[in-house]
Amino acid sequence: MTRSADLTLRNVRPNGGALCDIVIVAGFIAAIGPNLLASGMEIDGEGRDIIPGLHDHHLHLFATAARKASVDLSECGDLDALCVALRQHSAGLPPGAWLRAAGLNVTDSSVPDRHRLDLWVSERPMRIQDRTGALWLLNSLALDAIGSAPWPDCVECDAASCPTGRIWRGDDWLRSVLPAQPPSLHNLSRELAAFGVTSVTDASVTNGHQEATLFDAARQSGDLLQKLTIMGREDLPSSQYFERGPLKLLYDETDLPEIADVAARINVARQQGRFVAAHCVTLGELLFFLAALDAAGGAKPGDRIEHGSVIPQSLLADISAAGLCVVTQPGFIHTRGDRYLATIEPHSLTDLYRLRSLYDAGIEVLAGSDAPYGNIDPWQAISTAMTRTTATGRVFDQSESVPFDRALGLFSANRPITNGMAADLCLLSVPLAELAQSVRQNPVAATIINGICVHSTN
């Protein structure tokens, strides 16, 4: 009897195994086997390997879309280069348009103020985000647009109580005083699909009712193809268009809140049936999170350490015993590793962006791009997890490298393909056996989300 199918994948090798067909009905895999009878649309896999779609477990969608419409300053080596890049971009903008830039990478002592920014660009409002996402810089015209005093604590002021143009961790406030149409996710979603990414977790700490409405609209319109999990605040609502993820906790080591206050927020998350996920890029932030969990009655399996940038060997057993998951960014070793090697003491490098030692300690490890602060290409991250090499080819603590299967698992793509699972799949142009030796470039031939082919190289 012929089965009526939405899509049948012919001549594919699930996880590199035996040649077979996959029948997809209503977004789920209905049958797997050789020479299956099915009607409807077909794709000939031509004997290629097929794997589950990749999940980027930590990124910031709207910020990434906005970054792609901004000037990238990450390759500007000094202030003169910054000035040239900003002026060149400004010259191509229409009158009155804002100049937006991101990726600023300068030392604390050389962060420009509004007066320096005015010397570079004074004819239009300009806002610049640094590479960490924590700092915004505004020139005088941009400051004029945000109104007048009193200023919130995030706005740095000089001795005369005038804004310097530097705004620290002020995303929520800036959004409230500079309302703007959010960028479209259409192109970014297609770019992710081309890398085989079928689902994502937006890790933005600011996500609440307003952001949920925007994500609902993006999913309904088809601008966002990927299945979606959203972290965010206590007021983040539930939705049929996304899964409500952990309560996101973000604090700076230089200005930590009271442990009791964070413990109270953790308890609210428990009452909502949610896990918690904490931004931990320094040892101090990690220790603070562990203390806050203890004060709230302990960690729960599903609680997450985001980034885990610095984890000493002495804490591995505690993290494992607590059942915490570490969501890291192996791609940072590629994009930032040379800078780490040049600026961090050698004895501290072993604690930076661990991988193998986390697995060996029995800790669950997942990965995300942290886009726009990292490259959205998961295959670059997978390759770096295997090789631990920087952009210039220098080896960065190769003892922390992992084999291909585990590197693929960081993006949840090493699971078996079985009957009944959601039809979120990635057809490869390169056999898994070859990728296990070396991942040189994006190997995705086609991407299927919910049983629909959303990307194909043919």
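**Exercise 1. Find how many residues the largest nonpolar core has, and which of them have the most contacts inside it.**

Solution. In this predicted model, the largest nonpolar core has 70 residues. Those with the most contacts inside this core are Leu61, Phe289, Trp379 and Ile382. Next, look for the helix that gives the most to this core: that is H9, residues 283-295, with 6 residues. Now zoom in on Leu61. Leaving out residues up to four places away in sequence, Leu61 touches Leu185, Leu188, Leu192, Val200, Asp202, Phe215, Leu224 and Leu228. Finally, another core of 18 residues lies apart from the largest one; Leu73, Leu82, Val121 and Met126 are among its members.

**Exercise 2. Decide whether Arg304 is buried or exposed, and list what Arg304 touches.**

Solution. Start with the location: Arg304 sits in strand S16, which covers residues 304-307. Its relative accessible area is 9%. Buried means under 20%, so Arg304 is buried. Then collect the contacts, again not counting residues up to four places away in sequence: Arg304 touches His57, Thr201, Met231, Pro246, Val276, Ala277, Ala278, Phe289, Leu324, Cys325 and Val327.

**Exercise 3. Work out how helices H11 and H14 pack, and which residues meet.**

Solution. Take the geometry to begin with. H11 (residues 331-343) and H14 (residues 378-387) pack at an angle of about 80 degrees, and their axes are 6 Å apart. Angles of 65 to 115 degrees count as roughly perpendicular, so H11 is roughly perpendicular to H14. On the H11 side, Gly331, Ile333, His334 and Thr335 take part; they meet Gln380, Ala381 and Thr384 in H14. Sorting the residues of this contact gives 2 nonpolar, 5 polar and no charged.

Note on methods. Residues numbered from 1 in each chain as written. Predicted model: local features only at pLDDT ≥ 70, side-chain atom pairs only at ≥ 80, totals over all residues. Heavy atoms only, no water. Axes fitted to C-alpha atoms, helices over the stretch in contact; angles between N-to-C directions. Helix = DSSP H or I, 4+ residues; strand = E, 2+ residues; numbered from the N terminus. Parallel < 35°, antiparallel > 145°, perpendicular 65-115°, else oblique. Contact = heavy atoms within 4.5 Å. Nonpolar A, V, L, I, M, F, W, Y, C, P; charged D, E, K, R; others polar. Core = buried A, V, L, I, M, F, W, Y, C linked by side-chain atoms within 4.5 Å. Buried < 20%, exposed > 50% of the residue type's maximum accessible area, 1.4 Å probe, protein only.
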